[in-house]
Amino acid sequence: MSGLAVSELAVSHGAIVALRGISFSVQVGQLAAVIGSNGAGKTTLLRALSGLNKASSGSAQWNEREILGARPDALVRSGISHVSEGKSVIPELSVRENLVLGGIWRGDKSDTNAAIAEVVELFPILGQRMSQSADTLSGGERQMLAIGRALVSRPKLMLLDEPSLGLAPIVIEQIFATIDQLRRKLGLTVVLVEQNAMSALEIADIGVIINLGEVVASGTASELIDDPALRAAYLGY
Amino acid sequence: MRKKIILFILLGWLLLVIGDRVDELRVYQGAQIAMYTIALASIVLLTGYSGQVSLGNGAMMAVGGYAAALTLNNLGSPVWFAFLMAIFFSALFGALLGTAAARLSGPYLAGTTLALAVGLPAIANQFSFLGGEPGIFFDVGLPPQRLGQEFTQYKWFFWIATLIALLALFITSNILQSRFGRTWRAIRSNPLATELSGIHSSQMKILAFTISSALAGLAGAVLAMTISLVAPGAYTLTLSFALVTGAVLAGVSSLPGVVLGALILVAIPEIADALANRLGGGENVSSYLPGLIVSILLILSVIFTPNGPGENLHRHHRKKA
Amino acid sequence: MQKLLETLLIGVSTGSIYALMSLALVLVWRSTRVVNFAQAGQAMLSTYFGYEIASRSEIFWLGLAAAIIAGALVGAGVDFFFMRVLFKRAISGPAAVVAPVIATLGLLGLIRSIVGLTWGGEFKSIQAPASKDGLTIGQTTIPFSALNILIIATVSLILITLAIIFQRTNLGLSLRASAYAPEIAQLAGIRTARTRTIGWAIAGGVGAVAGMLVTSYNFLSPYSLDLLLVFGFIAAVIGGLESMVGSVIGALVLGIGLTFILNYVGTSLVFIGGFVVLIVVLLVKPDGIMARGKARRA
């Protein structure tokens, strides 16, 4: 099938098993929210998908091609962009340089500039900060820059790790709205890892709930929201 | 403790007996091995235990060498007092440097000590009482009459060097087994936790630098004795590098290993010479083959057994346990 | 007054060569977190290649070009065949702190022995591309020569080229990004391992220029670049090890400082002068002169 299909994925850090038996699939154009508390293994899952962590067994296919075991930079080339946890920007570089970075691998300067223009259209505030060092940005602006950098790579599949982390509620709302808008406009497939369950499920098509390294529930986002037991146990209200 | 004393006395006796059976060159090399043993112990204490990287041990040796020679020549003191002064002045110097070094980490410390290794010996050229490039004599005198007519000068050097090396090793091994040794290891493996448990890690680091420097200074005086001279040319950057090499080949945190390291440092030029003769190469081969062998050994050991030849053995034991 | 000016000019000339070595060390440190003591060996080996070409063609600049190419290849080779192997074996235990230092020292020894076995220990010299005689201004002759001017010009050209590469090109951006945050760079699609090897190649080429320039007024031997390594390293530490601009400023400060000691205090104290400058800088500003509030720690 086309899309992302993860099956029986397991990851170990030394003797500690961080993830086991993780299976789920996401159709092209869908947004999957991966929900779970701190330490549930969400970040490990994304890092395994983008090649930063080694999987110990299982498979993950993107449009029917195995992606486990490939290097992160190779995955970027096949259309997978990972925005890692904690506003992944390089503070020593300027805003423009951070954005340009995402386009270098394609070696097409004019297309990179076009992609940057699109990002600025999406996040006008970045346009005003182009030559500033990324160090001077606020938390929300950094998150926009991190997403913007990933977009410059013109991805088909985007892996987002806790974009709401440490942001003010109003900024979170804005970021989630943008993510929703983005994937509709660009037809992006998105895997969104979040602790902020409700906001994530609200924009998601499907949800996967992870606890202690295992999938405890999955289904359409509305099913999960409507299940009272799940709501009490994992969604927090 | 008593067992250890007996062990060291036996070892000393054995060495002296061997010293009687071998030819003059080997006796001289024996003295060199003793000298390197002390110098390598100084690095093991500093790097292997306290975790500080020094590339300047050659400079510390120079301080000791000059202190000994100046004491002997100017005060006309007994020889043992000259060695004592070598220890004293190099310890003093080490304490001063250690105070600065305790604030430096990793490459900064390596760089500072490297600059010292290059700079310090050259000072001798500036002041006439240090004798300039030719250096000053350091003559411990002829062996005592009662040892007999056949007792040679080199054998006398060997006796003194061996005695000093055994004493130095004995004292060092006791220091390393004391609470100081344990604290150093703790600081090396977890500086933050050690600081939190109320230990002044910088004071401990300075102490390590001081003792290490004292050992290096003593080695420097022994080196001066074996060549009857102190001169800047004896304490080069090459010497400092050779010491670090020897310490790594021996296993950087193993005190008994230093004897092996010293043996390697003395044996390799010898082996290379023999090899060069067989290969029939010219002067180039005999002067650069030792370096080639040492470097290859060093690279292989850092890649495969970075913590010394004993490492894999230990790991094996631990798995079994 | 005249002596002061001479000292300053010679200091800049000396310092500019230190700057190249110091830059080479900083480039490698930033990308690999290793102080590459083998840099002196790599530069020396490359200079021997440059010497061969320069003495055969009798054109210094051809030799320089050959040395740069050799330096880049050797640098890339060291990273590819040596550093990658070393880093694959994550070293722990007491040797962890010394392992990288030892590895590069071992490599320095290896290159030195290979050069010694190939070319021998005798001093070689390269015909300088300009006169070493002091310039005459009006009636007085100063020790500052045409060669000094050429050295400063060459170094300036190299520095400008590097600045353009690092600030204006995608390669430069990749190099900086991979040094600052390898993981993020990789997630942005940068081939960080390859980029690092290119960084080593650039460092190798820059070091080779330093070697050739030193040899243009001095002799070449398997040991002749050791001092350059030491002073380049001191300069890099003065600059804070992280900053390329800092390392160049550090090198000029050191070059001028040492020339002052040479001309006003005494020849033999030059070497210890480097140590004194270093200790003072480190105790006053432990992260180097370029450090802003929150410099990175080693």
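Residues are numbered from 1 along each chain as its sequence is written, and chains are lettered from A in the order in which they are written. Because the model is predicted, local features need pLDDT of at least 70 and side-chain atom pairs count only at pLDDT 80 or more, while totals for chains, interfaces and linings use all residues.

**View 1. The open six-stranded sheet of chain A.** The strands (DSSP E runs of at least two residues, numbered from the N terminus) follow the order β6-β7-β8-β3-β9-β10 with mixed pairing; two strands pair if DSSP finds at least two bridges between them. β6 (80–83) and β10 (214–220) of chain A stand at the edges with a single partner strand each, so one side of each lacks a neighbour in the sheet. Strand β9 (residues 206–211) of chain A pairs with β10(A) in the antiparallel sense over six bridges. Opposite A:V215 in β10(A) stands A:I210.

**View 2. C:E58 in a loop of chain C.** This loop lies between α2 (39–57) and α3 (60–88) of chain C, helices being DSSP H or I runs of at least four residues. C:E58 has 10 other C-beta atoms within 10 Å and is therefore exposed (12 or fewer such atoms, with C-beta atoms placed from the backbone). C:A38 is 20 residues from C:E58 in sequence and 29 Å away in space, C-alpha to C-alpha.

**View 3. The contact of chain C with chain B.** Chain C gives 45 residues and chain B 46 residues, where contact requires C-beta atoms, placed from the backbone, within 7 Å. On the side of chain C that touches chain B, α4(C) supplies the largest share, 13 residues.

Notes. Buried ≥ 20, exposed ≤ 12 C-beta atoms within 10 Å, placed from the backbone. Contact = placed C-beta atoms within 7 Å.
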